[in-house]
Amino acid sequence: MRNNLTDEKLFQPINRNPKSVYNRVVDEIKKSIFEGKMSPGDRLPAERELAEMLGVSRTSVREALKMLAVEGLVSIRHGQGAFISEQDPDEYLKRFASHLPVNQDTVLDLFEVRKVLEPQTARWVAERGSQSAIQELASMVTTTREQLGRLRSGRLSLLAGHDSNFHYRLAQATGNTVLVRLMHSMLDLLADSRSRSLAIPGRGERSVDEHYEIVQAILRRDAEAAATAMLHHLEDVEEQVEAAWKA
């Protein structure tokens, strides 16, 4: 069981908007699951610390935790704090996906941007990424594929964390600090997109296979093949997500 009390980057301050603040706190905690930051059994930061991280009042945090407890997603233990409920990780993530606010137009707009930005990202890594950074990417994909071959439960948790890490580390491997900041800013939107795609049977495993193809092209230093593989990956995910909406 991990204690996240000292992890200052676990949550980011919430931007105010017409939506009630405590609902925004709920959304932020749920999205942290899909970014691989928290898992079932983890303890949330203390109420005061969580309020400071998010830039909201303790009252808003308290109401958010009550809402999450009613949904069965958080367990509040007297004298100990609030914990992410311990249950089967796959079922847990499915429940989170059903509660996440996924806006169709926003997700499709995100794919439009990603199809411009991320193929170029893959191209840059193939052209100028350090060998060590590329090897780390390759090892991460290989390890995930091996773990999937052994796991009978917790697959969605593994896939959610892998997807977030892969795309973020790919941006880091370019050495472009502006691109890394852009990718970091996109993580919230990526969580919405990821929740929708992970709900499609077999989509997560297919994405890992596509990540493997991207990395293989990068290892060969074939910039065009890497960009093409990334574009194919994004188009494939987008197509399946759109089909799921229509269904």
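Student: How much accessible surface does the chain have, and what share of it belongs to carbon and sulfur atoms?
Tutor: Keep in mind that this is a predicted model. The accessible surface of the chain comes to about 12200 Å². Of that surface, the share belonging to carbon and sulfur atoms is 48%.

Student: What pattern do the helices and strands follow along the sequence?
Tutor: The chain has ten helices and two strands. Reading along the sequence, you get α-α-α-β-β-α-α-α-α-α-α-α.

Student: How many bridges join β1 to β2?
Tutor: β1 covers residues 74–77 and β2 covers residues 81–84, and the two run antiparallel. The number of bridges joining the strands is four.

Student: Which residue in that hairpin takes a positive phi?
Tutor: Look between the strands, where the hairpin has three residues. The one with a positive phi, near 80°, is Gly79.

Student: Within what arc do the buried residues of α2 fall?
Tutor: Helix α2 spans residues 47–54, and its buried residues are Leu50, Ala51, Met53 and Leu54. They line one face of the helix, because seen down its axis they fall within an arc of 160°.

Student: Then which exposed residues sit on the face turned away from that buried side?
Tutor: Exposed here takes a relative accessible area over 50%. On the face of α2 turned away from its buried side, the exposed residues are Arg48 and Glu52.

Student: Is Thr174 buried or exposed?
Tutor: Start with where Thr174 is: the loop between α7 (155–173) and α8 (177–198). Leaving out residues up to four places away in sequence, Thr174 touches Thr121, Trp124, Val125, Arg128 and Leu179. Its relative accessible area is 6%, so Thr174 is buried.

Student: Which residue's backbone nitrogen lies 3.1 Å from a polar atom of the Thr174 side chain?
Tutor: Thr174 is in the loop that leads from α7 to α8. The backbone nitrogen at 3.1 Å from its side chain belongs to Asn176.

Student: What is the phi of Arg221?
Tutor: Arg221 is in the loop between α9 (203–219) and α10. Most residues other than glycine have a negative phi. Arg221 is not a glycine, yet its phi is positive, at about 60°.

Student: How far does α10 reach from its first C-alpha to its last?
Tutor: Helix α10 (residues 223–246) has 24 residues, and at 1.5 Å a residue the expected span is 34 Å. Its buried residues include Met230, His233 and Val241.

Terms used. Residues are numbered from 1 along each chain as its sequence is written. This is a predicted model: local features need pLDDT of at least 70, side-chain atom pairs count only at pLDDT 80 or more; totals for chains, interfaces and linings use all residues. Side-chain values use heavy atoms; hydrogens and water are left out. Buried means under 20% relative accessible area, exposed over 50%, partly exposed in between (1.4 Å probe, protein chains only). A polar contact is a pair of N or O atoms within 3.5 Å; within protein, one must be able to donate a hydrogen and the other to accept it, and residues adjacent in sequence count only if both atoms are side-chain atoms. Contact means heavy atoms within 4.5 Å. Two strands pair if DSSP finds at least two bridges between them. Accessible areas come from the Shrake-Rupley method with a 1.4 Å probe; for residues, only the protein chains shown count as cover. The arc is that of the directions from the helix axis to the C-beta atoms. The expected span of a helix is 1.5 Å times one less than its number of residues.
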